[in-house]
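Please look through the structure below before reading on.

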Amino acid sequence: MADEKQEVHATAAGTVHPFAESQPPVEHAGEYKDEVKVEINGEEKEHIDLYRPLPMDPSIPHEANPLTVRAVVVGCILGSLVSASNLYLGLKTGFTFSASMFGAIFGYGILKFFDKAGRVPIIGGIFGPQENSIVQAAATGAGGIAGIFVAGIPAMYQLGVMGEGRSPRQDIGAIFTITLVCSFLGLFFVTPLRKFFIIHVARELKLMFPTPTAVALTIRSMHAGAAGSIEAVKKLKAMGLSFGAAFIHRVVSYYAVGILYDWHVFTWIHIWSGYTSWALNIESWGWYMEWTPAFIGSGILIGLNPAISMFAGSVLAWGIIGPLLVHYGECIGVQLAPDDPQWDSLYSFSSLKHLGTATPSPRYWLLWPGVMVMVCCSMAELFVQYKVIGTGFAAIWRQSCAGINNMLVARGKASPFFAKHGAPREKTADMIEDPAPADQQVRNWMWIVGLLATVVVAMIIFQFQWEMHPGLTVLACILAFLFSFLAIQIGAITDNTPLTAASKASQLVFGAATSHSGYSIAHAQKLNLAAGGLASGGADVATSLTSDFRTGFLIGTPPIKQWVAQALGTFCAVWLAPGLFVLFTSAYPCIYDPSYDKCAFAVPSVSAWAAVAQAVTDPNVKIPLKSGIFAIVMGVVSILQVVIRHYYLVGSREKYREWLPNWGAIALSWVIPAPVFANAALLGAIIAACWRKWSMRTWDIYGYAVAAGLIAGEGLGGVVGAILTLAGVDGSVKGTQIACPTNSC
């Protein structure tokens, strides 16, 4: 889902995908442990301790100030491309992707070119790995915070809690301010936790941060002399070509959707067979092939197990359960062309109208099992890590006591209690010191003043713009901190940030907090979604900054430089993301107006957030009994699998883990009202598996670069498509709808 950064990250954010397999990049073979072996010039093997700063090529010149204008500007531009891509993809499918690797590789290519400009002011000068990490930090900041725009905010409009007939364009001021609060709340409150997560407990808790570590190793390899430069150019060319091809394909395909993008094979059979109904019945359930570069690229990244799980979930939902529900009258569909005898057997089974008051659609019936499984498996992953979480809280308690004791000692006072509980552990060979000296750290006053100001501003903004009591705003801020603390720990171990659990848990907490408090249903739903967005948005930004701190620690970049770079990127996102959201909703009103039966965007995260908000606030919205029973059963099954995976499939039985279905992927396929994305992701996963089997060496160089280029390229093409629609020259006006059902794709 979109709010996982993983709903990736997954996304989204330490993760590429909400259900991505936790594995290191193939160029650094083997699972990430305390050490890895890295090839040097294709022959030598170098042992690297991944809990210490990486040894860098000694020929790299010293970087006196890696925080340059060119690095920040390039990073913000690259992050903006990913932000546009995330908004497009998140609205279509609920997925968002991290900008870190995209920014690192493309940033290398751009600044390496500027490197040749020599002494030209601002753009010229030597380019090194620390400046490369600044580019990706700025890109991560600028490419983030898309989650609230593909989930909570459009859900408010779909539920009508913003006012009858309101559109995002009319509420752009309120949208800007909630984005500002979400972005900087997470940025400030996670800053003092850098040493905790990256330095003090990383080895003890096995916090490997797979994706940020991969980014650091990639940056290191690209700057490793002539051989690294050659490989970096190959990655850059592959990413550039795939980005350009995906962008051109998406823009051109708007003018011939049925030929270049959507292959409605069963519609073709329906026409060729003389308009018989059986083929159109299959078409009605969404069984067609969509040549979406972004989801082919996504499949390349996530691997076979999640892709197969997602496809199997689609078959189960839209090939078996859905048709059975309609056959036995539990659910109904809507005829799309009842007056046309050639197309009168074409139905839509994805309506979310009249919830609780009429026979539901299969989409509504399957929505609850999907949400239940997402929450259950995410929560179960949190609980099975109870030892890690407990150790983490114990460590932060020890550090807090030590900090208080140090302040008392500095004032000539003493506290035996704080001295005892804050006593430093006995040093061991495994313990490391922070490589960044005091003058390279983020000053305490910076994050303290920033955090206090953000909380105060949040209380004012949410009181007057969202009608939320300041006490509830403080509760949302506390939940954001708590969920980010848990999400960072779990994401650092599994590369799977559980923001789905965070967002749904915050909605449940606020459902309880606002019940029996005299709020109207619409007001309670507005508070529920706004507070959930604040909690999950803050946690999302916090996990992104911590991931960047991990990359900078390995590369040796001063923390203050990375912090400023991400803050500048985040400031760009505050203005860019709402603007893009208004652009998309202006071009496609169906995103926020549920009266449309047909929409180019499936908005699965929006549906999930709206459904949970209704369930905890509106007594008139009922979950179908059999849907609820099925949801509970599937939730229990997903929890049992997590327990079995962590406590039974260990040691010699660990090899069987890869055969377990991925319940996050299955649940997502139940929420997305069509199997087309599962088809594309499976195709990408098969391509990646065959590619690795054919040539692991070329996969190591090109695999991730190609996938990242495909994802970002289609996303930017989607932005251009929205602009063309607003200009009145899009495919529906100037193109052809040939080969589409009812001549409309």
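Helices (H or I, at least four residues) and strands (E, at least two) are DSSP runs, numbered from the N terminus. This is a predicted model, in which local features need pLDDT of at least 70 and side-chain atom pairs count only at pLDDT 80 or more, while totals for chains, interfaces and linings use all residues. Residues are numbered from 1 along each chain as its sequence is written, and side-chain values use heavy atoms, with hydrogens and water left out.

**Confidence**

- Where pLDDT is low, the predicted coordinates should not be read in detail.

- Helix α1 (residues 69-93) has 25 residues and reaches 35 Å from its first C-alpha to its last, close to the 36 Å expected at 1.5 Å a residue; the expected span of a helix is 1.5 Å times one less than its number of residues.
- Of the 25 residues of α1, 20 are buried, so the helix is largely enclosed by the rest of the structure. Buried means under 20% relative accessible area, exposed over 50%, and partly exposed in between (1.4 Å probe, protein chains only).
- Glycine 94 follows α1 and has a positive phi, near 90°.
- For α22, 29 residues at 1.5 Å each should span 42 Å, and the end C-alpha atoms are 41 Å apart, which agrees.
- A kink of about 30° in α22 is centred on alanine 573; the bend at a residue is the angle between axes fitted to the seven residues ending there and the seven starting there.

**Aromatic rings and charges**

- There are 29 aromatic pairs in the structure. Rings of Phe, Tyr and Trp (its six-membered ring) pair if their centres lie within 6.5 Å; planes under 30 degrees apart count as stacked, over 60 as edge-to-face and the rest as tilted.
- Tyrosine 588 and phenylalanine 601 form an edge-to-face pair, because their ring centres are 5.0 Å apart and their planes meet at 65°.
- Both residues of this pair lie in the loop between α22 (559-587) and α23 (604-617), 13 residues apart.
- Tyrosine 588 and phenylalanine 601 are both buried.
- A cluster of Tyr88, Phe584, Tyr588 and Phe601 is linked by ring pairs.
- Arginine 250 places its charged end over the ring of tyrosine 254, 3.9 Å from the ring centre. A charge sits over a ring if NZ of Lys or CZ of Arg is within 6 Å of the ring centre and within 35 degrees of the ring normal.
- Arginine 692 lies over the face of tryptophan 699, at 5.1 Å from the ring centre.

- Alanine 685, in helix α26 (residues 676-694), is buried, with a relative accessible area of 0%.
- The C-alpha atoms of alanine 685 and glycine 297 are 8.4 Å apart, across 388 residues of chain.
- Beyond four places in sequence, alanine 685 is in contact with Gly299, Ile300, Gly303, Leu304 and Ala307.
- Proline 212 lies in helix α8 (residues 210-222) and is buried at 5% relative accessible area.
- From proline 212 to arginine 550 the C-alpha distance is 6.3 Å, for a sequence separation of 338 residues.
- Not counting residues up to four places away in sequence, proline 212 touches Ser547, Arg550 and Thr551.
- Leucine 316, in helix α14 (residues 304-327), is partly exposed, with a relative accessible area of 32%.
- Leucine 316 and isoleucine 666 have C-alpha atoms 9.1 Å apart and are separated by 350 residues along the chain.
- Leucine 316 touches Ile321 and Trp670, leaving out residues up to four places away in sequence.

- Most residues other than glycine have a negative phi, and most peptide bonds are trans.
- Phenylalanine 209 has a positive phi of about 50°; this residue lies in the loop between α7 (202-205) and α8 and counts as buried at 4% relative accessibility.
- Threonine 742 has a positive phi near 55°; this residue is in the segment after α28 (731-734) and is partly exposed, with a relative accessible area of 27%.

Technical notes:
Contact means heavy atoms within 4.5 Å.
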